[in-house]
Amino acid sequence: MIIREMKEGDIEGVSRVCLDAFSDSVAGSLSDEGIATFTAIASPNAFAERMKAVNRMLVAEDNNGEILGVVELKEGRHIAMLFVTPSQQKGGIGRRLLTAVLKYARSETVTVSASLPSVPAYQKYGFKLAGDVGELSGLVYQSMEILINQ
């Protein structure tokens, strides 16, 4: 497996990984509004637009070129996406993606708005709770942060 920069040709695979993982572990805890909001955020068109921004996007790819996971660092300070295909979860891919993208952090503190089912995983990665549970456009999240040694 390799971790590399996301390319335009990865967009469909990345969107599929995000939507599959979301459907598998998060969607059941959200309202229809939250599901629709995430579906829009994880659409191929939305990824294509964010690739034009200053976001850093990395993918984990197997030896056959299949996308296994993705991480997106927004503005060098916020984890906007971290998803691993359901069949590959708990195998270290998420940790490797996170470790790789944190090298691009431009802030001493990196934040994430973690879905509630993902809070334990982020805690294992070293993130701490940073505020109350919130909700925006039907997406329920826990604010978390990690201090980066710079």
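Colleague: Why is Tyr122 called buried?

Modeller: This is a predicted model, and Tyr122 has a relative accessibility of 6%. Buried means under 20%, so Tyr122 counts as buried.

Colleague: What makes the pair of Tyr122 and Phe127 edge-to-face?

Modeller: The ring centres are 5.2 Å apart, and rings pair if their centres lie within 6.5 Å. The planes stand at 80°.

Colleague: What makes the pair of Phe22 and Phe38 stacked?

Modeller: The planes are 10° apart, with 4.1 Å centre to centre. Planes under 30 degrees apart count as stacked. The pair links helix α1, which holds Phe22, to helix α2, which holds Phe38. Phe22 is buried at 4%, and Phe38 is buried at 7%. Ring pairs also bring in Phe83, giving a cluster of Phe22, Phe38 and Phe83.

Colleague: How do you know that the buried residues of α2 lie on the same side?

Modeller: They are Gly34, Thr37 and Phe38. They cover an arc of only 95° around the axis, which puts them on the same side of α2. What covers them includes α1, β4 and β7.

Colleague: Why is Gln89 called partly exposed?

Modeller: Gln89 has 33% relative accessibility. Gln89 sits in the loop between β4 and α4.

Colleague: How do you know that Arg56 lies over the face of Tyr104?

Modeller: Arg56 is at 3.8 Å from the ring centre. The distance limit is within 6 Å, and the charge must also be within 35 degrees of the ring normal.

Conventions. Residues numbered from 1 in each chain as written. Predicted model: local features only at pLDDT ≥ 70, side-chain atom pairs only at ≥ 80, totals over all residues. Heavy atoms only, no water. Buried < 20%, exposed > 50% of the residue type's maximum accessible area, 1.4 Å probe, protein only. Helix = DSSP H or I, 4+ residues; strand = E, 2+ residues; numbered from the N terminus. Arc of directions from axis to C-beta. Contact = heavy atoms within 4.5 Å. Phe/Tyr/Trp six-rings, centres within 6.5 Å; stacked < 30°, edge-to-face > 60°.
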